[in-house]
Amino acid sequence: MTEPVTVLDPTSEATPGQRSLNPRPAELEGLTVGLLDISKPKGAVFLDRLEERLTAQGAMVRRYAKPTFTKPAPVDLRHEIATQCDAVIEALAD
Amino acid sequence: MYDRGWSDGLPLVPPTRERVLRMLDSTSRSGDEVVALMPPNLVDCTVEKVAVNSVMAGCLPEYLPVVLASLEAICTDDFNMHGVLATTMGVGPVLVVNGPIATRIGMNSGVNVLGHGNRANATIGRAVQLVVRNVGGGAPGGVDRATHGSMSKLGFCFAEDEEDSPWTTLAEDRGFDRSVDVVTAFCGEGPRILVDQQSRSAESLVRMLAEGLLASVSPRTVMGMDGLLVLSPEHMARFSDAGWNRPRFMEELEKFLMVETDGILAGAGGIEEGLPPALAGLTLPKFRPGGLLVVHAGGPAGLFSAIIGGWVNGQMGSEPTSREIIR
């Protein structure tokens, strides 16, 4: 029998906080839905259509955009969406 | 170690306490010092965690300061490692080492410089990526969404051949003294070789290099993506024979990197990809000012240079970032 080898942990040893998604709204009437454009070409094409569909179902739509698609959305923007909207849809693009 | 998800696919050196302590001996920095806030999970990354991953990558202890400086360079808002990791484009940190440390730790700047066979070149870049994976939590299929990926995601590190270069070094060009050890991180894909075996004059070769560079990333990008040109010694000789220094070379090259936008508008030539109509009728440079980095490296024989295409540049994407290497 050989001696067991002890190795050191290469990970952060931190457990990322787990957050669950909000329950899906049963209906959209009267809710505020945020549409987040990641600022890539043609993202607005998709979001414009979603806005039409959501508005037709009685939802109020607010539009947001990331400063650049290459970086995470700034904290202020995330806070703005979280406090102003009941739901959010983020669009990819191209 | 594979089962725990610690590997990039290659075998790892078990990070035993003894090996990690020996690794830590090579830096004056304390093991519990925080090197960077590591994306994508944005967790504190200590010198000790870097040492553990460097052991696993196969680094010798003397490589650790280069790994630490590389991580400091990429974990900045300028370099934007989060975006570099997450993008569907196959890019990663390309690390260029300048200064006396390159020779001292046995880095390769010559034959097969961008390929295999040198422990420092192969393991420093790998260690950096293992830290992003294991400490930051950035693994392929998770936050890393690359469509194809590239070898620059496995680890891409090399040294500039300074000794045989008639020019100032990349680090000098970026404001450092030649005596200082520096690593420069460039967000790039794998290298592609540009063949020119017939040019005997600087005037001919500079035109050929420009033709190759115009296709970097896409022939239809201008100013939005940076580039890294690795000039081989034989190609460099065309310019040194003509008495061209680095500024002269850049000046001449830029003349042939001007693009008439009408030829690359969306729809031009039956291709839907391209610039928006608002940019019609202009002449623009392929690279933004300072957006083309040039280094001298490679084996003594071979009339090739290498082009490493970049990614979205500047504050909208990734800025080439240099850091002094501190022992």
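Predicted model: local features only at pLDDT ≥ 70, side-chain atom pairs only at ≥ 80, totals over all residues.
Let's begin in a loop. Glu189 of chain B sits between strand E5, residues 182-188, and strand E6 of chain B. Now look at what surrounds it. Setting aside neighbours within four places in sequence, Glu189(B) touches several residues, including Met89(B), Val94(B), Phe156(B) and Ile308(B). Ser150(B) and Ser152(B) are also among its contacts. Glu189(B) and Gly149(B) are 40 residues apart in sequence, yet their C-alpha atoms are 8.2 Å apart in space.

Next, the sheet. A general point first. Strands of a sheet pair through backbone hydrogen bonds, and they can run parallel or antiparallel. In chain B, four strands make an open sheet, ordered E6-E11-E7-E10, with mixed pairing. Which strands stand at the edges? They are E6(B), residues 191-195, and E10(B), residues 292-296. Each has a single partner strand, so one side of each lacks a neighbour in the sheet. From one strand to the next, the twist averages 25°.

Take one pair from that sheet. Strand E7(B), residues 225-231, and strand E11(B), residues 304-312, are antiparallel, with six bridges. Leu231(B) has Ser305(B) as its bridge partner in E11(B).

Helices pack on this sheet. H8(B) touches E6, E7, E10 and E11 of chain B. Its direction makes about 145° with that of E6(B). Helix H10(B), residues 246-255, packs on the sheet too, touching E7 and E10 of chain B. The direction of H10(B) makes about 135° with that of E10(B).

Now helix against helix. We describe two packed helices by the angle between their axes and the distance between the axes. What are those values for H8(B), residues 202-214, and H9(B), residues 233-241? The angle is about 130°, and the axes are 8 Å apart. That angle makes H8(B) oblique to H9(B). Their crossing is left-handed. On the H8(B) side, the contact is made by Ala202(B), Leu205(B), Val206(B) and Leu209(B). On the H9(B) side, it is His235(B), Arg238(B) and Phe239(B).

Stay with H9(B). Its buried residues are Pro233(B), His235(B), Met236(B), Arg238(B) and Phe239(B). They pack against E6, H8, E7, H10, E10 and E11 of chain B. After H9(B) comes Gly243(B), with a positive phi near 80°.

Over to a hairpin. Strands E1(B), residues 34-38, and E2(B), residues 43-46, pair in the antiparallel sense over four bridges. Ala36(B) has Cys45(B) as its bridge partner in E2(B). Four residues lie between the two strands. In the turn, Leu42(B) has a positive phi of about 55°.

Last stop: another loop. Asn118(B) lies between helix H5(B), residues 101-104, and helix H6(B), residues 119-134. Why does Asn118(B) count as buried? Because its relative accessibility is 16%, and buried means under 20%. Its side chain reaches the backbone nitrogen of Asn121(B) at 2.8 Å. Leaving out neighbours within four places in sequence, Asn118(B) contacts Gly106(B), Met107(B) and Asn108(B).

How values were computed: Residues numbered from 1 in each chain as written. Chains lettered and ligands numbered in written order. Heavy atoms only, no water. Pairing = 2+ DSSP bridges. Buried < 20%, exposed > 50% of the residue type's maximum accessible area, 1.4 Å probe, protein only. Polar contact = N/O pair within 3.5 Å; in protein donor to acceptor, adjacent residues only side chain to side chain. Contact = heavy atoms within 4.5 Å. Axes fitted to C-alpha atoms, helices over the stretch in contact; angles between N-to-C directions. Parallel < 35°, antiparallel > 145°, perpendicular 65-115°, else oblique. Left-handed = near helix turned anticlockwise from the far one by under 90°.
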